Amino acid sequence: MSVSHMLMNDVLKCAFSNWYSIFQDVTIESDIIKLNPEVKSWLLADGIILPKACFHEMDSNFSEDDIEEDVDVPEFPELEASIRQSIRKYRFVFPKLNWSACEDAKWIQACGTKCNTLSEIFLLLKSSDKVVHDLTEAYKQCTDYSAESVPELEYSLVLRKWENINPSMEFRCFVGRNEVIGISQRDVRSYFSHLHRDKDQIISDILDFFRSRIRERFSLDCFVLDLYRPASGSVVLIDVNPFGETTDSLLFDWDELRSKVHAPLPPVFRDFRFIEEQFGVQPNRLEMNSLPLDVFNGNLDPSIFQSNFSNGNSG
Ligand SMILES: Nc1ncnc2c1ncn2[C@@H]1O[C@H](COP(=O)(O)OP(=O)(O)OP(=O)(O)O)[C@@H](O)[C@H]1O
Ligand SMILES: [Mg+2]
């Protein structure tokens, strides 16, 4: 049992393709598209040079002569065809990688993370530090980490059907020893007045959902669920995350959660935490790194994003 230490196996089990195959019936419909090594290298390369298909998409008069000779503009025909297929199916998609979405980069475009073009998806992926984290250091915080023994896992782009999600109805649910040990409101930047009024019903819906749709189906006994409760009696799974520091503990802290795992469980669950007053809001971790690290550290001129769009040339 992985109680006090997060192991590489815990992280592996929480990769999207691994949990989606189990919980497909209780989560948002999604497509998983394999990423080949060329796409991975492009995602990790410095600068932002979007694939050629994006220039065609953004400018119908675009011609090959517009590309400067010394610029290597990538083309990923198979990936682009799969993305187009998902967009046709879902109309709008929410992109993420094996573990992380690109929420930290949503400032880069007006549509945020709601995408219906190749350019929107590629720009988000290229601007996100969370994508780089997934590709380079997903297992680094694990106690058994060693670069030589990282588990085999294909990198993939996940395109989820876009759903209009109301953040006041999102919750993070900490599971220890196969029991819910804590629930926190998901967006800790905000005060939502209805949470106090609805708290008993929220707890009861989440516990029912966990007991009837999640428990005994997953191979870990300590993990973290992100849940959406759009209406009374209705709960949808948004994400499964490792039980440990790689996951934000929100209104709990990890030492406390780990000690709850060891403690005898209370007969009636009561530990639902939410911001109880307007002035109790917390800073958002993502807002601390809303700029790509290259820009933040002064290695990259922010105007690169603008020039890439406006003249169709690379940055
Ligand atoms: N299909 C979707 N359509 C619209 N918005 C979505 C969708 N899926 C997720 N979101 C929104 O994006 C947020 C982040 O999604 P998700 O939890 O998948 O990202 P993440 O990178 O795993 O986050 P974390 O690092 O906190 O675990 C969710 O809280 C939800 O508000
Ligand atoms: Mg997550």
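Is R177 buried, exposed or partly exposed? R177 counts as partly exposed, because 13 C-beta neighbours lie inside 10 Å; on this scale a residue is buried if 20 or more other C-beta atoms, placed from the backbone, lie within 10 Å of its own, exposed if 12 or fewer, and partly exposed in between.

This is a predicted model, in which local features need pLDDT of at least 70, side-chain atom pairs count only at pLDDT 80 or more, and totals for chains, interfaces and linings use all residues. Residues are numbered from 1 along each chain as its sequence is written, while chains are lettered from A and ligands numbered from 1 in the order in which they are written.

**Overall fold and confidence**

- The protein has eleven helices and eight strands; helices (H or I, at least four residues) and strands (E, at least two) are DSSP runs, numbered from the N terminus.
- Of the 315 residues of the protein, 33% count as buried.
- Among contacts between residues at least 6 apart in sequence, 72% join residues at least 24 apart; two residues are in contact if their C-beta atoms, placed from the backbone, lie within 7 Å.
- The average pLDDT is 88, and 86% of the residues score at least 70; pLDDT is the predictor's confidence in each residue, from 0 to 100.
- Over residues 302–315 pLDDT stays under 50, and the model has 26 contacts beyond four places in sequence for this stretch.

**The shell around ligand 1**

- The shell around ligand 1 holds 20 residues, of which F94, S100, A101, R160 and D239 come nearest; a residue is near a molecule if its C-beta atom, placed from the backbone, lies within 6 Å of it.
- Strands β2 (93–96), β3 (156–161) and β7 (234–242) each supply at least two residues of this shell, and the largest share, three residues, comes from β7.
- By class, the shell has seven nonpolar, two polar and eleven charged residues; Ala, Val, Leu, Ile, Met, Phe, Trp, Tyr, Cys and Pro count as nonpolar, Asp, Glu, Lys and Arg as charged, and the others, Gly among them, as polar.
- Ligand 1 lies between domain 1 (29–162) and domain 2 (167–287), because both give residues to its shell; the domain bounds come from an automatic or database domain assignment.

**The largest nonpolar core**

- The largest nonpolar core has 66 residues, and L124, C173, V175, I206, F223, L225 and L227 touch the most other members; such a core is a set of buried Ala, Val, Leu, Ile, Met, Phe, Trp, Tyr and Cys residues joined through C-beta atoms within 7 Å.
- Helix α6 (residues 118–127) gives the largest share of this core, six residues.
- Domain 1 (29–162) and domain 2 (167–287) both give residues to this core, so the core lies between them.
- Not counting residues up to four places away in sequence, L225 touches C173, V175, I214, L237 and V240.
- In soluble globular proteins, nonpolar side chains tend to be buried together.

**Residues with positive phi**

- Most residues other than glycine have a negative phi.
- R177, in the loop between β4 (170–176) and β5 (179–185), has a positive phi near 50 degrees although it is not glycine.
- R91, in the loop between α5 and β2, likewise has a positive phi, near 70 degrees.
- R91 is exposed, because 10 other C-beta atoms lie within 10 Å.

**Selected helix residues**

- Y20 lies in helix α2 (residues 16–23) and counts as partly exposed, with 18 C-beta neighbours inside 10 Å.
- Y20 touches T27, S30 and I32, not counting residues up to four places away in sequence.
- L44 is found in helix α3 (residues 37–44) and counts as exposed, with 12 C-beta neighbours inside 10 Å.
- L44 touches V132 and L135, not counting residues up to four places away in sequence, and its C-alpha atom is separated by 8.9 Å from that of V131, 87 residues apart along the chain.
- E78 lies in helix α5 (residues 77–90) and counts as exposed, with 11 C-beta neighbours inside 10 Å.
- The C-alpha atoms of E78 and K34 are separated by 9.7 Å, at 44 residues apart along the chain.
- L207 lies in helix α8 (residues 194–214) and counts as partly exposed, with 17 C-beta neighbours inside 10 Å.
- L207 touches V180 and F269, not counting residues up to four places away in sequence.
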